[in-house]
Amino acid sequence: MDYTSILSMHQELSLIAVFLLVFLLDLFLPEKHRHLIRRLACILLGIQLVSNLTPDEVILFGGMYHSTPMASVMKSILTLGTILVFMQSSDWLKRQDVQHKTGEFYILTISTLIGMYFMVSAGHFLLFFLGLELASVPMACMIAFDKYKGHSAEAGAKFILSALFSSGIMLYGVSMIYGTIGTLYFEDVPAGLNGSALQILALVFFFTGLAFKLSLVPFHLWTADTYQGAPTSVTAYLSVISKGAAAFTAMVILVKVFGSMTAEWSKMLSILIVATITIGNLFAIRQNQLKRFMAFSSISQAGYIMLAVLAGTPQGMASLVYYMVVYIVANLAVFGVIASVEHHTHGKLDRTDYNGLYQTNPKLTMVMTLALFSLAGIPPFAGFFSKFFVFAAAFHSGHWLVVFIALVNTVISLYYYLLIIKAMFITPNEQPIPTFQNGSAMRVCLMICVAGILLLGIVSNVYGVLSDTAISF
């Protein structure tokens, strides 16, 4: 093998270069200039994103590494979401108790992103698992970043224990695959599948491990406590970037590797989707703490995302990636508002704290309203189109009953999203949250998110390009 071919992994290599540069900046930059790390990290990731926008197909190491054009698009989307999270975290990282750990936050975040890159481009179960662990272990450190404040350390412990058990179950399933087939290459596994009881058990164990990462019911119990205890910027990252990589990989493996067992995994997935959407919605209604509220909202959103996986077609893949783009901008807009209010009010996170917010902070209120409307799937916002495409993909594949139940659940989700909007616009409050001004980075981030919410549904070329790219995902 010619080892110069490794240079074809330009997306991973350029991200590793960004990681090393941020690491060196954190190590050698004088104390008086350390605040520049925030800007430099965003600029370096932006350069990395722009330099890798051209989708291409790369196969290395006998098929262990396989990056398709759709995988390249997904990596770019994950990188863009990470830049937005970096911009949101600017005010939080200026806080006195964490400002000395600014470099650590960016290093850990980029480490998880490298792991997700390898997950998305894996053509072998071993590389997929290594990428998964590279994405999970630094994430536990990020969740416990505020270890002396709130429940951050507890959240980190719950996350790492959940990740430990889910990884163990997944590895057990992978070992069964290897034991019955004798290979772990994605391209070679389908030839050895015969639908035996051991292989079905291997599929169940493997998908159970992925379901933990996606917060699918009944593997969701860690989600609310982890989202509540983690720093808000980390919660935002965990809710969209991590979930996007896991959903994309789940679809690739289920369709390409276990395609001959579609009848088995589609039944299992249908049950999980219905349970996830329904339970996520019902429990979201009961939440007053906004980060726990968004945790159950993200659980239900995971169910909608998996409708695209259930379709198992190029249309499903295009709708999944489109859904993730819209979900990233809408969810990060919500978490941006939550982070702003938390930072300027020293920790107000209950829904009642937002009563009368429109009186003092009308712009933030409008951002939150647009984002919640998008998450609820109300036209003409982008969230309506993203839900329509995943529903259409699943319906065209014959899963009309699951689509119908998901449609009924959108009414429930609209109700609990409107509870927050009602609090901000209608519920009276004699002492609303005072007027405050966000930093420039947060303002730019929220402007980008709002632009995405308003334009992604109108500019039909976005879904068209994704459909063309997804033909050979």
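This is a predicted model: local features need pLDDT of at least 70, side-chain atom pairs count only at pLDDT 80 or more; totals for chains, interfaces and linings use all residues.
Local features need pLDDT of at least 70 and side-chain atom pairs count only at pLDDT 80 or more, whereas totals for chains, interfaces and linings use all residues. Residues are numbered from 1 along each chain as its sequence is written, and side-chain values use heavy atoms, with hydrogens and water left out.

The structure holds 22 aromatic pairs, where rings of Phe, Tyr and Trp (its six-membered ring) pair if their centres lie within 6.5 Å, and planes under 30 degrees apart count as stacked, over 60 as edge-to-face and the rest as tilted. Two of these pairs are set out below.

| Pair | Class | Centre to centre | Angle between planes |
|---|---|---|---|
| Phe128 and Phe206 | tilted | 5.7 Å | 50 degrees |
| Phe388 and Phe389 | edge-to-face | 5.7 Å | 65 degrees |

Phe128 and Phe206 are both buried (under 20% relative accessible area, with exposed over 50% and partly exposed in between, for a 1.4 Å probe and protein chains only). Ring pairs also link Phe128 and Phe206 with Phe125, Phe186 and Phe258 into a cluster. In the other pair, Phe388 is partly exposed at 47% relative accessibility, while Phe389, at 17%, counts as buried.

Lys387 lies over the face of Tyr304, at 4.7 Å from the ring centre; a charge sits over a ring if NZ of Lys or CZ of Arg is within 6 Å of the ring centre and within 35 degrees of the ring normal.

With a disulfide defined as a pair of cysteine sulfur atoms within 2.5 Å, the count comes to zero. Cys445 is in no disulfide, and its nearest cysteine sulfur, that of Cys449, is 4.3 Å away. Cys445 is buried at 0% relative accessibility, and Cys449 is likewise buried, with a relative accessible area of 0%.
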